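Good morning, everyone, and thank you for coming.

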Amino acid sequence: MNPNYPYWPNRNYYENTSFQSIPYGQQSTYDYQHAYPTNSNHYGRQQSVRGQATWTDGGQVTKCGMAWSDNEYMTAAVGENSPYTCGQTLKIRNISAPYGREIIVKVVDQVAGYPANRINLHRRAFQALGVNPSVGVINIEITPSPQLEQEKWGKYLLEVTDVAYPGYNVTDYQSVGKTMMSSTLVRETYEFVLQSPQETLRVQGNVVYNPNTDRIVSFNLQEVQ
């Protein structure tokens, strides 16, 4: 990780709060552990937690060995002691105004000193939540995506969808079904919600694979109503 790339908070924002304008990788004096209640008494249970997000333009080197440009720049850094791991998929929901905007990000870096419920988003991901970077810090809800982590074909289709729809951000997903077509063919179907500044799309993805060899036979994407 390059310790010199910062997040860029709004100076005026900090003048009216208990936050300090600090370099990326250093912890502020704000009490994150008690600022937002969580849905669980233990972060390791991987439930939704409330916290805050800052932003960064990223760097050339990361502790995860992954590029900030991965996943169409829908990427983030987490604390070294966070329950979230390199390569993990997280759903981030903006609970500041504008309320409810969501994105799916990939963890590509780690930073010392960040508490478990603080995340540093790439600037493009921060903006995808509907926020101007000049705001500096926003309140968010972090939800791990165990479904996509456990179902590798869902994660595969997510990556294909990202490439197939440039200019759109995947904001939600769900598993539609899994069908045993034969002893050598399985079809899995997922539905993704994509958001651009102009519109919202629903895209259904299908992947057919051989469960014995773990090889893809075919896949396709189609827009649905």
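This is a predicted model: local features need pLDDT of at least 70, side-chain atom pairs count only at pLDDT 80 or more; totals for chains, interfaces and linings use all residues.

Residues are numbered from 1 along each chain as its sequence is written, and side-chain values use heavy atoms, with hydrogens and water left out.

A search of the whole structure finds 5 aromatic pairs, where rings of Phe, Tyr and Trp (its six-membered ring) pair if their centres lie within 6.5 Å, and planes under 30 degrees apart count as stacked, over 60 as edge-to-face and the rest as tilted. One of them joins Trp153 and Tyr156 edge-to-face, at 6.1 Å centre to centre and with 80° between the planes. Both residues lie in helix α5, residues 152-164, a helix being a DSSP run of H or I with at least four residues, and a strand a run of E with at least two, numbered from the N terminus.

Trp153 also forms a stacked pair with Tyr209, at 4.8 Å centre to centre and 25° between the planes. Because Tyr209 lies in strand β9, this pair ties together parts that are 56 residues apart in sequence. Trp153, Tyr156, Tyr209 and Phe219 form one aromatic cluster.

Finally, the charged end of Arg124 sits over the ring of Tyr73, 3.9 Å from its centre, which requires that NZ of Lys or CZ of Arg is within 6 Å of the ring centre and within 35 degrees of the ring normal. The charged end of Arg118 sits over the ring of Tyr114, 4.5 Å from its centre.
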